[in-house]
2 protein chains.
Amino acid sequence: MSNSRVAGLMRFAVLAFCTLSLPMNLRAQEKSSIAIMPLPAHIMQGEGEFPIDGGFGVALKGYKDARLERAQQRFLDTLSRETGIPLWRQAILNSPHFTVQTAGPSAAVQQLGEDESYHLEISTTNVQLTAPNPIGVIRGLQTFLQMVRITPKGFSVPVVTVDDKPRFPWRGLLIDSGHRFVPISTVKRNLDGMEAVKLNVFHWRFADNQGFHVESKKFPRLQAKGSGGFYYSQHEVREIIAYARDRGIRVVPEFDMPCHTTSWFLGYPKLASGQDPSQSSAIDPTRESTYEFLAGFIGEMAALFPDSYFHTGGDECDVKEWETNPRIQEFMRTHAIKDGAALQVLFTAKIQKIVAGQKKIMEGWDEVLQPNTPKDVVIQSWRGQNSLAEAARSGYRGVLSAGYYIDLNQSAAEHYRVDPLGDTAATLTPDQKTRVLGGEATMWTDIVSDENIDNRIWPRTAAIAERLWSPHQVQDVDWMYQRLAIVSQKLGYYGLRHRLITDEMLQRMSGDPDPVPLKVLAAVVQPPRLYERQQLRTFTDFTPLNHLDDAVPPESETAREFNEIAKRIVLRKANSQEWQQARQWLLLWRDNDAKLQPLLSRSYLTQELAPVSRNLSRVAEIGLQALDDLHENRVVSPDLQQRNIEFLEASGKPQAVLLLMVAPSVELLVQATRTQ
Amino acid sequence: MSNSRVAGLMRFAVLAFCTLSLPMNLRAQEKSSIAIMPLPAHIMQGEGEFPIDGGFGVALKGYKDARLERAQQRFLDTLSRETGIPLWRQAILNSPHFTVQTAGPSAAVQQLGEDESYHLEISTTNVQLTAPNPIGVIRGLQTFLQMVRITPKGFSVPVVTVDDKPRFPWRGLLIDSGHRFVPISTVKRNLDGMEAVKLNVFHWRFADNQGFHVESKKFPRLQAKGSGGFYYSQHEVREIIAYARDRGIRVVPEFDMPCHTTSWFLGYPKLASGQDPSQSSAIDPTRESTYEFLAGFIGEMAALFPDSYFHTGGDECDVKEWETNPRIQEFMRTHAIKDGAALQVLFTAKIQKIVAGQKKIMEGWDEVLQPNTPKDVVIQSWRGQNSLAEAARSGYRGVLSAGYYIDLNQSAAEHYRVDPLGDTAATLTPDQKTRVLGGEATMWTDIVSDENIDNRIWPRTAAIAERLWSPHQVQDVDWMYQRLAIVSQKLGYYGLRHRLITDEMLQRMSGDPDPVPLKVLAAVVQPPRLYERQQLRTFTDFTPLNHLDDAVPPESETAREFNEIAKRIVLRKANSQEWQQARQWLLLWRDNDAKLQPLLSRSYLTQELAPVSRNLSRVAEIGLQALDDLHENRVVSPDLQQRNIEFLEASGKPQAVLLLMVAPSVELLVQATRTQ
C-alpha cells in the first residue's frame with residue numbers, strides 16, 4: 001500500500017472515529033509510545049515511524065511572519081538538541097518532509113480564548129502540521145518534539161494523526177518576583193518550559209512586602225528604594241513580553257494592593273496606612289493622594305503591559321491595621337464604613353475604575369469579589385472550586401489556583417486530581433461552566449531560590465498543564481507519571497535545570513564530588529507538604545536555602561515507585577521482578593547508613609541528617625523482615641508488629657525538615673503481615 | 001594568643017621564609033587543604049579557618065572603579081553559589097571582614113606584561129587582599145574562591161598568606177570560531193572559566209574555509225555569504241571584549257590568511273587564487289586589489305579590537321595552489337619568486353606593514369617567521385619549543401601552542417609536562433628566555449559541537465593554566481590531579497557544563513533517563529588521541545556529534561585511577577584498600593556487559609558499542625584472575641599469559657572510535673604474574 005494511500009485511509013479513520021479516539025481509549029501498547037503531555041484531544045496511531053536524520057527538511061507554507069520563522073528556528077534548535085543532529089543550518093534548505101501550513105495571522109496582542117488548535121498528520125514519509133494561526137503552529141510543533149525518540153534505526157516519531165485544542169483558555173504559571181527577585185534568565189527558561197507543555201499565561205507578580213522589582217519611570221523611588229538593586233528595567237519587561245508572545249504566552253502583570261505593599265512605602269511613605277511605613281503593609285485607602293498616585297502608576301504599567309487583563313491582587317489584607325488607626329477609623333466613621341473589609345471594597349471599586357479607564361479588565365484574588373464588583377472582573381481563586389463556582393453562578397469569570405500551589409511540595413497526582421470544574425463547580429450549568437476560564441500554577445517564592453526554583457516548578461507543572469489542556473476524561477494517574485518522566489527529561493533540552501539541581505546541591509552540602517550514599521538518602525526524602533515546613537524552620541529573606549530539604553525534589557520518584565510495589569505486594573498482585581526490586585531497594589537502604597555516616601559528619605549542612613539516615617536503615621531492616629514474612633506467609637507476634645508500626649509512624653514524622661517517604665510504604669508491608 | 005598577634009607573627013613568617021614557601025615544599029597534610037589552581041608563587045599556611053556565613057562583608061578600599069565594583073559583585077555571586085548563602089545583597093552592607101586594597105588603575109587597554117600580582121592574607125577573623133591594580137585584585141579573588149570549602153563548622157577558607165604573580169605574561173585559550181560558530185553564551189562561560197584559572201588572553205579566531213563568523217561593515221558580503229547566518233555582530237564583539245576586560249583577559253583576534261580562507265571568497269571571489277573560488281583556499285597574493293581589500297578590512301578590525309596585538313594566522317598554506325596557477329606562476333617568474341613559500345613571505349611582509357600601519361603588533365603562526373620579519377612580530381608555535389627557542393635566539397618573541405592542543409584528547413598530565421621553556425628552550429640565555437611569552441591552549445572546533453565543547457576545554461585547560469602561571473618547580477602530577485578534581489567541580493559554579501555533558505548525552509543516546517550500565521562503560525573509554533580519531537570516522541561539518549566518543553571526556557578519570565592502583569599492585573606497594581578497590585572495579589566491569597547489552601540494542605547510537613562492552617567484560621575477567629594470581633603469588637602458564645596479553649593488546653586498540661582505557665592496566669597486572 002502506498003504511503004499516500006495510507007495517509008488517505010488515516011484521514012478517513014480520523015473523521016470516522018474521532019469521538020472514539022480520545023487518548024484514554026488507547027491500548028496499553030499504544031500508550032507506551034505516546035509520550036505527549038498534555039495529551040491531545042484526539043489522537044490516532046498508525047503503523048511505522050517517521051525518521052529524523054540529517055536530511056530532515058521543514059518549510060512554512062501559507063501565512064508567514066517573523067514569529068513563525070522564529071518558531072521554526074526554535075523548533076530546529078530543540079530538535080538538534082534532542083537528537084544531536086545539527087539540523088538548524090540545513091533543515092530550512094533541505095527539501096521539506098515537514099510542511100507547516102498556517103491559514104492566517106494571530107491577534108496583534110494575544111487574546112484570551114484565541115484559537116490554539118492544530119492538526120498534525122505524521123506518515124512514514126511526511127509530516128503535515130496545519131493550524132488556523134501561528135499559535136496553533138507553536139502548539140503543534142511541541143507535540144511533534146515530545147514524540148521524538150531513539151530507536152534501533154535512528155531517531156523518529158511514530159505515525160499518528162492528532163487533532164488538538166485546549167479544554168480551558170487560561171492555563172497559567174504565576175512566578176512571584178515579589179517575595180524574591182527572579183533573574184531574567186530564569187524567567188526565560190521557564191517560559192520555554194511553559195511553551196513545551198502548552199501553557200499560555202505567564203502571571204508575573206512584581207511586588208510584595210519584601211521588595212518592589214520593576215522599574216517605574218513615573219515613580220522611580222519605587223525600585224530605587226524598594227528593590228535592593230534588583231529590578232526588571234522596562235526594556236527587560238518588553239523583552240520578556242516579546243519572548244512570551246513568541247511562545248504563544250500572554251503576560252499578565254500583578255501589582256498586589258492594597259496590602260503586601262511594605263516595599264512601596266520605602267520610596268513613597270505617604271502611601272502607607274501606618275505611622276512607621278517600614279512596619280506597615282497596607283496602603284492607606286482613605287487619602288485622595290493614594291488614588292492620584294495609583295492612577296499614575298497603573299496608567300504607566302497598563303501601557304507597558306499590552307495584555308487586556310491587569311491583576312491588582314487584593315489578597316490577605318490585614319484590615320486590623322486600618323481598624324486600629326485613629327485617622328482611618330475617623331474616615332470610616334465619617335463615611336459609615338462598618339469595618340476594614342468594607343473599606344477594602346471601597347478601595348477595590350476605585351482601583352477597578354482606574355484599571356477600566358485604561359481599557360483593561362481587572363483581575364484579582366477571591367477578596368475582590370463583592371456585591372457591586374463589575375461583571376467583567378476576573379476572580380483568581382486561592383480558596384477553591386466552590387468559591388469559583390459561586391462566582392460563576394453570579395456571572396463572574398474565574399481562574400483556579402487553589403490546588404495548584406506548587407510551592408507547597410504536594411505530589412503531581414494531588415495537583416492532577418484538582419479540576420477547575422470539579423467539586424461543586426461540576427454542578428454548574430454549561431453556560432456557567434464557560435466562566436471557569438482555567439487555572440494557574442503558583443510559584444510563590446517565600447522559600448525558594450534562583451538555584452532550586454526549577455525543581456519546584458518542574459516537572460509537576462506539566463501535570464497541571466495537562467489537567468488544563470486535555471479532555472476531562474484524561475485521568476489515568478499511572479500513565480500521567482509515565483509520561484511525566486519522559487517530559488521531565490525533554491524539558492532539559494529547553495535548558496531547564498530541575499534534573500541537575502539535586503546532585504549539584506548534594507555535592508556542595510557534602511564537599512564530595514560524587515556523594516553516592518547521600519544520593520541514596522536524598523532519593524527517598526521530601527520536604528514536608530503545605531505549610532508544615534515553615535513551622536519546622538524559620539525562613540527569612542536571608543536564610544540560606546542550601547539544606548537537603550531545599551535540594552531534593554518536592555516529590556520522591558523512588559519512594560512513589562516503591563510505594564506502588566508495596567501496594568501490589570500487599571494485594572498479592574506483585575510479580576517476582578517487583579518482589580526482587582523491593583528487596584534490592586530495602587537492602588540498599590539498610591546498608592546505606594554505614595557508608596553515609598562518615599560523610600555526614602564532615603559538613604555542618606549534613607550533620608543534621610544523621611538520625612534520618614539511621615531511621616532509613618532501621619526502616620529498611622523492618623521492611624526486609626516484613627517482606628520475608630509476607631513471602632513465607634509467616635506468623636508474626638502482634639507485639640513486635642505493633643512496636644514496628646510505632647517505629648515506622650515515628651519515622652514518618654518530619655526530621656531535619658524532611659519526611660522519610662518510604663516509612664509509610666514499609667508500614668503497609670508490616671500491617672499486611674499475619675498475626676495470631 | 002590574640003588573632004592580631006597571630007596575624008603579626010604570620011606576616012613575620014612570610015617575610016622570613018618566603019623563599020622556602022614555594023608550594024612544592026608543603027607537607028602532604030598542608031597540600032590536601034590547598035586546592036588552588038594554578039598554585040601561587042608563594043604560599044604559607046597558618047592555623048585555623050576564616051568562616052564564611054551570612055555576616056560576611058567585603059569592602060573596596062583605595063583606588064576604585066566600576067570594573068572593581070563588578071568584580072566584587074561577581075565574587076559575591078560566585079561565593080553565593082559556592083555556599084548557597086545569599087551574600088550578594090547583604091555583603092556590601094555588612095561590616096567588612098574582607099578588605100580589598102587597590103593601589104591604582106590598570107591600563108585603559110590591558111597590556112601584555114601588565115602587573116597581575118596580589119597579596120592575600122587570611123586570618124581567622126580577617127581577609128586582606130592587596131594589589132597594585134584591579135587585575136591583581138581579580139586574580140586574588142579567584143584564589144580566595146578556590147579555597148572555599150565546607151567543614152563541620154560551616155563554610156570557610158584556611159588561614160594562609162599568599163604572595164602571587166604569574167611566571168609567564170601570555171596565558172591564553174584559543175577558541176576557533178572559524179571551523180564552527182561558537183555561540184556568545186558559550187564564549188562567555190568559557191571566559192568565566194579562564195578568569196577562574198587566571199588565564200589572560202582570549203585568542204578568538206573568526207574564519208576558516210568552513211565559515212566567516214564576524215560582521216564586517218565595510219565588506220558585509222563576508223558574513224552575508226560566508227557565515228550561513230551565524231556570525232558575531234560588532235556589537236556582540238564589543239560586548240565580549242568588555243566582558244573579557246572585566247575578567248582581566250585580553251582579546252586577540254585572528255584572521256587567518258593567506259590560506260584557510262575559502263569562506264571569504266563566497267562574498268568576494270576576486271580574492272581567491274583559484275578559478276573556482278569555492279574550491280580555492282588561498283588568497284591571491286599577486287593582485288594589488290587583494291591588498292587594498294585587506295588594508296580596508298584590517299583597518300576596520302584593528303579599530304574594533306583594542307588589543308595591541310593582531311593575529312594574521314599564516315599557517316599550513318597550500319602553496320601548490322599558487323604554484324600550479326598559470327597567472328600566479330607568471331607573477332612569480334616576473335618578480336623572481338622561487339616558490340610558493342617565498343610568495344607567502346612576500347604576502348606576509350605586506351600584511352605586516354598594513355598591521356603596523358594600524359599601530360598594532362602582528363602575531364602569526366610559525367610560518368610567518370622569515371629572515372626579514374620585523375623583530376616585534378610575535379610567533380605562535382604549533383611546531384614546538386625548539387621552533388620557539390630558535391625564534392627567541394633570533395630576537396623574536398613567541399607563544400607556545402604545540403603540546404597544548406586540547407582538541408586532541410591528550411591527558412592533563414601530557415599537557416602539564418609541556419613547558420614553554422622546556423626542551424631546547426631550556427638552554428636559552430635569561431634574556432632570550434624573556435622572549436618566550438607563554439602559551440595558549442587551542443580549542444580547534446573541527447570535531448566539537450557547542451554541546452560538548454566545555455568537556456573538551458575543561459578541566460584539562462586548568463592544568464595548562466597552572467603550567468603557565470606557577471613556578472617552574474611545580475611539577476607534582478599526582479597533586480595536580482587532586483587539585484584538578486576540586487577545581488573541576490568549582491568551575492561548575494561559573495556555569496561551565498563539562499561535568500553535566502556526558503550524562504545528558506548518554507541519556508539521549510540510550511533513550512533511558514538513567515542508563516547506569518552505559519555510564520559504567522562510558523567511565524572507562526576515551527576517544528583516540530591526536531589525529532587517529534579522524535582516521536576511524538569521517539567527520540564533516542554536518543556529522544552529528546552524538547556518539548559515545550563525543551560524549552565522554554577526553555581523559556577517563558576512572559581508568560587513570562585504576563591504572564595508578566594497578567601500578568602500585570605490580571610494584572607491591574598497594575595497601576589492602578587498593579587491592580579491594582581494584583577488585584570491586586573489575587567485578588563491576590565483568591558483570592556490566594549482561595546488564596548493558598539489552599540497553600545497547602535499543603538505539604542505533606549504542607549498537608556499535610556491543611563489542612566494546614563485551615571486551616570490557618572479558619578484560620575484567622582476565623584482570624580478576626591476574627589479581628588473584630598476584631595476590632596468591634600463583635604460577636601461571638606462559639601460554640595462557642601470552643594469550644591474555646594478546647587479547648588485552650587487541651582490546652586496547654580503537655573500536656567504535658573508542659579506546660578501552662583499562663586494558664593496558666590489566667595488561668600490567670598480567671605481565672606481572674609469575675610464569676615458569
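User: How many residue pairs are in polar contact across the interface of chain A and chain B?

Analyst: A word on the source comes first. This is a predicted model, in which local features need pLDDT of at least 70 and side-chain atom pairs count only at pLDDT 80 or more, while totals for chains, interfaces and linings use all residues. Residues are numbered from 1 along each chain as its sequence is written, chains are lettered from A and ligands numbered from 1 in the order in which they are written, and side-chain values use heavy atoms, with hydrogens and water left out.

A polar contact is a pair of N or O atoms within 3.5 Å; within protein, one must be able to donate a hydrogen and the other to accept it, and residues adjacent in sequence count only if both atoms are side-chain atoms. Across the interface of chain A and chain B, this rule finds 12 residue pairs, both members being at pLDDT 80 or more.

User: Which elements of chain A give two or more residues to the side that touches chain B?

Analyst: Helices (H or I, at least four residues) and strands (E, at least two) are DSSP runs, numbered from the N terminus. On the side of chain A that touches chain B, the elements giving two or more residues are helix 3 (66–83), strand 6 (149–151), strand 7 (154–164) and helix 19 (501–510) of chain A. Helix 19 of chain A supplies the largest share, 5 residues.

For the residue classes, Ala, Val, Leu, Ile, Met, Phe, Trp, Tyr, Cys and Pro count as nonpolar, Asp, Glu, Lys and Arg as charged, and the others, Gly among them, as polar. By class, this side of chain A holds 17 nonpolar, 18 polar and 11 charged residues.

User: What area do chain A and chain B bury between them, and how many residues are in contact?

Analyst: Buried area is the accessible area (1.4 Å probe) that two parts lose on being put together, summed over both. Here chain A and chain B bury about 3100 Å², of which 56% is on carbon and sulfur atoms. In terms of contact (heavy atoms within 4.5 Å), 46 residues of chain A meet 46 residues of chain B.

User: How many salt bridges are there between chain A and chain B, and how many over all chains?

Analyst: A salt bridge is a side-chain nitrogen of Lys or Arg within 4 Å of a carboxyl oxygen of Asp or Glu. Between chain A and chain B the count is 0, whereas over all chains it comes to 80. One group forms a network of salt bridges: A:Asp176, A:Arg205, A:Asp208, A:Glu254 and A:Asp256.

User: Where in chain B does the salt bridge of B:Arg70 and B:Asp246 make its link?

Analyst: The closest N and O atoms of B:Arg70 and B:Asp246 are 2.6 Å apart. B:Arg70 lies in helix 3 (residues 66–83) and B:Asp246 in helix 7 (residues 234–246) of chain B, so the pair ties together parts that are 176 residues apart in sequence.

Accessibility is read as follows: buried means under 20% relative accessible area, exposed over 50%, and partly exposed in between (1.4 Å probe, protein chains only). B:Arg70 is partly exposed at 40%, while B:Asp246 is buried at 10%.

User: Are B:Asp192 and B:Arg247 buried or exposed?

Analyst: Both residues are buried. Their side chains meet in a salt bridge of 2.7 Å, N to O. B:Asp192 is in helix 5 (residues 184–196) of chain B and B:Arg247 in the loop between helix 7 and strand 12, 55 residues apart.

User: What is the torsion about the S-S bond of B:Cys259 and B:Cys317?

Analyst: The torsion is about 85°, so the disulfide of B:Cys259 and B:Cys317 is right-handed. Its S to S distance is 1.8 Å.

Methods: Disulfide = S-S within 2.5 Å.
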